[in-house]
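User: I would like to go through this model with you. Could we begin with the helices?

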Amino acid sequence: MDKIYLDSCLVIYLVERHPRFHGPLRARLAETADATFCVSALTRLEVLTRPLREHDDPLVRRYESFLGVQEQLALDDDIVNAALNWRVSGLKTPDALHVALAERYACTGFWTNDDRLAKAAPGWSENALKDVGP
């Protein structure tokens, strides 16, 4: 069974029902319905900041509901140490942590909508929305 780490941008597209990306992303998820989808505390930090700042309680609840049914990958010192290698190779700190999490927990895929990040780990990272036009 596939284990796929979702980059924070994809979680935002899903939960906030992005007009361009929500439908195609839902279709991709349906194609891999037997996969386990993973997120982390870093994902939670990134996606909840704006709704909490804006006191958008319904959106906070939608995020918490979505995150609550995904596999949660723990962020610890080993992940931070692994992220150092990704950081040194040029990734920004959050991206380095996301990739290190996916790698450390043996995810078979890392989905993002960032071509640069998708190219960081060839073979298992990908732009899940590459076929969606501009």
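Predicted model: local features only at pLDDT ≥ 70, side-chain atom pairs only at ≥ 80, totals over all residues.

User: Which residues of H1 are buried?

Analyst: The buried residues in H1 are Ser-8, Cys-9, Leu-10, Val-11, Tyr-13, Leu-14 and Val-15.

User: And what follows H1?

Analyst: Arg-17 follows H1 and has a positive phi, near 55°. Arg-17 has this positive phi although it is not a glycine. Arg-17 belongs to the loop between H1 and helix H2 (22-31).

User: Turning to His-55, what is its phi?

Analyst: The phi of His-55 is near 55°, which is positive in a residue other than glycine. His-55 is located in the loop that runs between helix H3 (41-53) and H4.

User: Is His-55 buried or exposed?

Analyst: His-55 has a relative accessible area of 66%, so it is exposed; the cut-off for exposed is over 50%.

User: Now a change of topic: where does Gln-70 lie?

Analyst: Gln-70 is in the loop between helix H4 (57-68) and strand E3 (71-73).

User: Why does Gln-70 count as buried?

Analyst: Gln-70 counts as buried because its relative accessibility is 14%, and buried means under 20%.

User: What lies 3.1 Å from a polar atom of its side chain?

Analyst: The backbone oxygen of Phe-66 is 3.1 Å from a polar atom of the Gln-70 side chain.

User: Which residues does Gln-70 touch, leaving aside those up to four places away in sequence?

Analyst: With those not counted, Gln-70 touches Phe-37 and Val-39.

Definitions and conventions:
Residues numbered from 1 in each chain as written. Heavy atoms only, no water. Helix = DSSP H or I, 4+ residues; strand = E, 2+ residues; numbered from the N terminus. Buried < 20%, exposed > 50% of the residue type's maximum accessible area, 1.4 Å probe, protein only. Polar contact = N/O pair within 3.5 Å; in protein donor to acceptor, adjacent residues only side chain to side chain. Contact = heavy atoms within 4.5 Å.
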